[in-house]
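Let's take a walk through this one together.

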Amino acid sequence: MRTSLIFRRRARGGILFATLITTAIIGLALAAYLTLTANQNQLIVRSQVWNSALAVAEAGVEEAMTHGNLNYLTNMVSNDWSFDGTKYVKANVVGDGGLGGPGKRWGQLRQEYGHFGVSIASNTPYSFTVLSTGYYAMPGSGLFVNRAVRIGASNMPLFTASIVLIDKLDMNGNNVLTDSFDSTDANKSTLGKYDPLKAGDKGDVACLGAGKDPYGVGNANIWGHAYTGPGVTPNVGPNGAVGSADWQRGGNIGIEPDWWVPDLNMSFPKVKAPFNAGLPPVPGIVGTNTYDYVLGSGNYMSTTLDGNTLVTGNAVLYVTKSLQFGTGEKITIQPGASLKIYCGATDAVFGPIDNRNTDPSTFMYFGLPSNSSMQVQGQASWIGCVYAPQSQFILNGNGAMCGSVVARRGKLNGNAAIHYDESLNKLPYRRGFVLTSWDEP
């Protein structure tokens, strides 16, 4: 009997020991699983917070870009921005910071809201660097995860190439040409005028592209780069050529290696009316010639523009409804004079433009959003530049333009040519700041 009892006790003790071991193993496994789950959850939360901190930092970049476009460089100490001796700085919360209204009561900031500190460091009159640090709280703690973004911004010139288009390029004329010169450089011009023997290869043609075959080079010669938006391929004909001056003079066809750049990124700010009232243009007699309109220095406003027009001063003319020059009617700009036309008419048709200056900024055409077409016909050569981002630009016949064109669409017919004047890069006309670099320091 004693032997049987000992055996039962030993059996029960073994079962209890096995149960305890099994329970311990299950407990350890469960603890490991819970720890793993907690770590995984913490990693997921941190990843989400890390991403949120970047979004907050980018909000600071947006704040800086808006401020720069509106106030750089003369009014930077405004809208809660201050100068710390080396740079312009600002701190702000995202939204209202969970405070139920505007304000920056940092000590009461709810953790599910982020905040940022951002600075703008001036580089040149047309560029700056932004450093933005975004802060976002880890749930259940008072700790903030931070992430910084540094970007470079540049205010690009309004006129940077022979032609800059938004939608579509059509250069399918007979001997269409773009190249460059510099009216302010004796080595790149003759007496300030285009000289084919001194032609350069800054005659770039840029088109973001939209629709079918948006970049039609045809058999044209582009002495410069072909810039396109992503996914757009230049359509070059059997005798077309894009490339450097050496490539062109060597009789090569097709696109020279590295002279097609497929990452075009540009902004096209809309043109606004320059004023609401101005002097009406009036006829006049100058010398022995009678003109339908004579424009001196000042601001002019008219519903229509046609007939022979003489510009004797620095004139700004706002045409609201109709701009149609007939056969034999032209614009003459005297030496030392200039004309800026703001056009609200749907279609604008010019005859000859007789600009007796070498500076292309002495004739400037700005198309308002209502202006859908601008063309020049019956013209041997003319000096000027066109900015009409909602228009189709048409250059007919044997027209040769010395300057630059920005439009929605562009069509060059016949033997048309555009000689880009590199001096336009030096003008104060700018299209607004765009990002040129991005990194996380």
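Start with a rule for rings: those of Phe, Tyr and Trp (its six-membered ring) pair if their centres lie within 6.5 Å, with planes under 30 degrees apart counting as stacked, over 60 as edge-to-face and the rest as tilted. What you're looking at is a predicted model, where local features need pLDDT of at least 70, side-chain atom pairs count only at pLDDT 80 or more, and totals for chains, interfaces and linings use all residues. Residues are numbered from 1 along each chain as its sequence is written, and side-chain values use heavy atoms, with hydrogens and water left out.

Back to the rings. The count comes to 12 aromatic pairs by this rule. One of them is Phe 325 with Phe 350, stacked at 5.7 Å centre to centre with 20 degrees between the planes. That pair links distant parts of the chain, 25 residues apart: Phe 325 sits in the loop between strand S20 (314-324) and strand S21 (331-333), while Phe 350 belongs to strand S23 (residues 347-350). Strands here are DSSP E runs of at least two residues, helices are H or I runs of at least four, and both are numbered from the N terminus.

How do the rings of Phe 350 and Tyr 365 meet? Their centres are 5.7 Å apart and their planes stand at 85 degrees, so this pair is edge-to-face. Because Phe 350 is in strand S23 and Tyr 365 in strand S25 (residues 363-367), the pair ties together parts 15 residues apart in sequence. Both Phe 350 and Tyr 365 are buried, meaning under 20% relative accessible area with a 1.4 Å probe and protein chains only (exposed is over 50%, partly exposed in between). Phe 325 is buried too. Put together, ring pairs link Phe 325, Phe 350, Phe 363, Tyr 365 and Trp 382 into a cluster.

Some of these names come back in the largest nonpolar core, which has 49 residues; Leu 323, Leu 339, Ile 341, Phe 350, Phe 363, Tyr 365 and Phe 393 touch the most other members. A core of this kind is a set of buried Ala, Val, Leu, Ile, Met, Phe, Trp, Tyr and Cys residues joined through side-chain atoms within 4.5 Å. Strand S27 (residues 381-395) gives the largest share of this core, 5 residues. Apart from it lies another core, of 23 residues, including Leu 158, Ala 206, Leu 368 and Tyr 387. In soluble globular proteins, nonpolar side chains tend to be buried together.

Now for a sheet. S16 pairs with strand S17 (residues 289-295) in the antiparallel sense over 4 bridges, and Val 282 has Val 294 in S17 as its bridge partner.

For a loop stop, find Glu 422, between strand S29 (417-421) and strand S30 (430-439). Is Glu 422 buried or exposed? At 14% relative accessibility, Glu 422 counts as buried. Leaving out residues up to four places away in sequence, Glu 422 touches Ser 180, Phe 181, Asp 182, Lys 188 and Lys 202, where contact means heavy atoms within 4.5 Å.

Zooming out, the chain has 2 helices and 30 strands, and 47% of its 441 residues count as buried.

Technical notes. Pairing = 2+ DSSP bridges.
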